[in-house]
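Work through the exercises below with the sequence and the coordinates at hand. Each task is followed by a stepwise solution.

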Amino acid sequence: MIIDTTEVQTINSFSTSGFFKEVYGLIWIIPILTLILEITIGVLVIVWLEREISAAIQQRIGPEYAGPLGILQAIADGTKLLLKEDLLPSRGDIRLFSVGPSIAVISVLLSYLVIPFGYRLVLADLGIGVFLWIAISSIAPIGLLMSG
């Protein structure tokens with residue numbers, strides 16, 4: 001069987017079309033959104049366990065009366081934090097005070113870039129994974145100090 005060069009060029013142009021690159025780019029959104037959802041659920045479970053264990057240790061009523069198994073307590077706490085009045089220091093730098101928490105949260109989320117989640121599922125393969133992870137993770141305390 002003889003393969004014509006025009007057929008090979010047609011096959012190669014089909015595999016390198018822009019449509020498949022865009023679809024491949026959109027597919028990478030799914031693991032990222034899954035990771036964010038898992039982190040959010042993990043935080044909610046840890047907060048719920050902490051409240052239940054603290055209530056048992058202190059022999060008091062826990063958050064179990066706020067919805068089924070106390071799940072609505074975390075939503076109430078989050079709503080309270082969002083609607084809470086923002087107090088700014090009178091003698092401090094207001095810009096640093098406002099940007100500090102963002103720096104802490106962004107550095108933690110960026111540290112997930114270099115963690116391999118599978119054989120070919122790495123969000124950013126930079127070749128210096130551990131060093132970059134340590135560098136990005138060390139920025140979070142700076143953000144906490146700025147906002148304190």
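**Exercise 1: Ser137**

Task: state whether Ser137 is buried, partly exposed or exposed.

Solution. Ser137 has a relative accessible area of 29% and is therefore partly exposed; buried means under 20%, exposed over 50%, and partly exposed in between, with a 1.4 Å probe and protein chains only. Ser137 belongs to helix H6, residues 129-137.

The model is predicted: local features need pLDDT of at least 70, side-chain atom pairs count only at pLDDT 80 or more, and totals for chains, interfaces and linings use all residues. Residues are numbered from 1 along each chain as its sequence is written, and side-chain values use heavy atoms, with hydrogens and water left out.

**Exercise 2: overall make-up**

Task: find how many helices and strands the protein has, and what share of its residues is buried.

Solution. 
1. The protein has seven helices and zero strands; helices (H or I, at least four residues) and strands (E, at least two) are DSSP runs, numbered from the N terminus.
2. Along the sequence the pattern reads α-α-α-α-α-α-α.
3. Of the 148 residues, 11% are buried.
4. The accessible surface is about 12100 Å², and carbon and sulfur atoms hold 71% of that area; such areas come from the Shrake-Rupley method with a 1.4 Å probe, and for residues only the protein chains shown count as cover.
5. Taking contacts (heavy atoms within 4.5 Å) between residues at least 6 apart in sequence, 49% join residues at least 24 apart.

**Exercise 3: a nonpolar patch**

Task: identify which residues make the nonpolar surface patch of about 570 Å².

Solution. 
1. The patch consists of Leu37, Ile41, Val45, Leu49, Ile53 and Ile57. Patch members have over 30% relative accessible area and no salt bridge; like charges are joined within 9 Å, and nonpolar side chains (Val, Leu, Ile, Met, Phe, Trp, Tyr) within 5 Å. A salt bridge is a side-chain nitrogen of Lys or Arg within 4 Å of a carboxyl oxygen of Asp or Glu.
2. Leu37 sits in helix H3, residues 29-57, and counts as exposed because its relative accessible area is 53%.
3. Val45 is also in helix H3, but at 40% it is partly exposed.
4. Val45 and Ala74 lie 29 residues apart in sequence, with 9.3 Å between their C-alpha atoms.

**Exercise 4: Ser54 and Arg60**

Task: determine where Arg60 lies and which residues it contacts beyond four places in sequence.

Solution. 
1. Arg60 is in the loop between H3 and helix H4 (72-83) and is partly exposed at 44%.
2. With neighbours within four places set aside, Arg60 contacts Ser54 and Ala55.
3. Ser54, in helix H3, is buried at 18%.
4. The Ser54 side chain reaches the backbone oxygen of Glu50 at 2.9 Å.

**Exercise 5: Ser107 and an annotated span**

Task: decide whether Ser107 is buried or exposed.

Solution. 
1. Ser107 is part of helix H5, residues 94-110.
2. Its relative accessibility is 3%, so Ser107 is buried.
3. Apart from neighbours within four places in sequence, Ser107 touches Ile136, Ile139 and Ala140.
4. An unreviewed UniProt entry places "transmembrane region" at residues 23-49, 94-115 and 121-146; positions follow the numbering used here, feature names are shortened, and annotations may be inferred rather than shown by experiment.
5. For residues 94-115 the end C-alpha atoms are 34 Å apart, and the span is 77% helix and 0% strand.

Terms used:
A polar contact is a pair of N or O atoms within 3.5 Å; within protein, one must be able to donate a hydrogen and the other to accept it, and residues adjacent in sequence count only if both atoms are side-chain atoms.
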